[in-house]
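This briefing reviews selected features of the structure shown below. It is arranged by topic for use alongside the coordinates.

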Amino acid sequence: MSEAPIPTRRNFLLGRFAAADPATQPSTAVIAPTCLAFHGVACMSCRDACPTGAVRFALAVGGARPWIEADACTGCRECVPACPVDAIHLPAAEATI
Ligand code: SF4
Ligand code: SF4
């Protein structure tokens, strides 16, 4: 299993959190590039819905962008319906539905 990206400014700017391979983190939420925050819109609905604080935000060019703290994500899916543009998924959970 590959390591989660280190939360550095370089990794945020390069979008490495959004591009994380779902197959390597099957029970962890994944944020797609369609996320509003990646397009200059201030949205933190997924963070507000997360009971464990696994959705983190970091400053980047164009505004704060979300990333998932894999160790804190329980796979509860509370964040999925909270997203107005369906940009957050749990690939492993969806595969078994
Ligand atoms: S699946 Fe649950 S724990 Fe993981 S980011 Fe979403 S709300 Fe938070
Ligand atoms: S709720 Fe959706 S659009 Fe808003 S920050 Fe989270 S993933 Fe992005």
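Predicted model: local features only at pLDDT ≥ 70, side-chain atom pairs only at ≥ 80, totals over all residues.

**Salt bridges**

- The whole structure contains 2 salt bridges.
- Side chains of opposite charge can pair when their charged atoms come close.
- Arg-56 forms a salt bridge with Glu-69, and the closest N and O atoms of this pair are 4.0 Å apart. The pair connects distant parts of the chain, with Arg-56 in strand β2 and Glu-69 in the loop between β3 and β4 (88-89), 13 residues apart.
- Arg-56 counts as partly exposed because its relative accessibility is 32%.
- Asp-48 forms a salt bridge with Arg-47, where the closest N and O atoms are 3.8 Å apart.
- Asp-48 is exposed, since its relative accessible area is 59%, whereas Arg-47 is partly exposed at 39%.

**The β2–β3 hairpin**

- Strand β2 (residues 55-58) pairs with strand β3 (residues 65-68) in the antiparallel sense, over 4 bridges.
- The two strands form a hairpin with 6 residues between them. In the turn, Gly-62 has a positive phi of about 95 degrees.
- Val-55 stands opposite Ile-68 of β3.

- The largest nonpolar core has 18 residues. Those with the most contacts inside this core are Ala-29, Ile-31, Cys-35, Ile-68, Cys-79 and Ile-88.
- Beyond four places in sequence, Ile-68 touches Thr-28, Ala-29, Ile-31, Ala-54, Val-55, Cys-73 and Ile-88.
- Thr-28 lies in the loop between α1 (9-13) and β1 (30-31).
- Thr-28 counts as buried because its relative accessibility is 6%, and the buried class is under 20%.
- With residues up to four places away left out, the contacts of Thr-28 are Ile-68, Ala-70, Cys-73, His-89, Leu-90 and Pro-91.

**Ligand shells**

- Around ligand 1 there are 14 residues, of which Cys-50, Cys-73, Cys-76, Arg-77 and Cys-79 come nearest.
- The shell of ligand 1 is made up of 9 nonpolar, 3 polar and 2 charged residues.
- The residues surrounding ligand 2 are Cys-35, Leu-36, Cys-43, Ser-45, Cys-46, Phe-57, Cys-83, Pro-84 and Val-85.
- By class, the shell of ligand 2 has 8 nonpolar residues, 1 polar residue and no charged residues.

**His-39 in a loop**

- His-39 is found in the loop between β1 and α2 (45-49).
- His-39 counts as exposed because its relative accessibility is 57%, and the exposed class is over 50%.
- Apart from neighbours within four places in sequence, His-39 is in contact with Pro-33 and Thr-34.
- His-39 and Arg-65 are separated by 26 residues in sequence and by 9.3 Å in space, C-alpha to C-alpha.

Note on methods:
Residues numbered from 1 in each chain as written. Chains lettered and ligands numbered in written order. Heavy atoms only, no water. Buried < 20%, exposed > 50% of the residue type's maximum accessible area, 1.4 Å probe, protein only. Contact = heavy atoms within 4.5 Å. Pairing = 2+ DSSP bridges. Salt bridge = Lys/Arg side-chain N within 4 Å of Asp/Glu carboxyl O. Near = heavy atom within 4 Å. Nonpolar A, V, L, I, M, F, W, Y, C, P; charged D, E, K, R; others polar. Core = buried A, V, L, I, M, F, W, Y, C linked by side-chain atoms within 4.5 Å.
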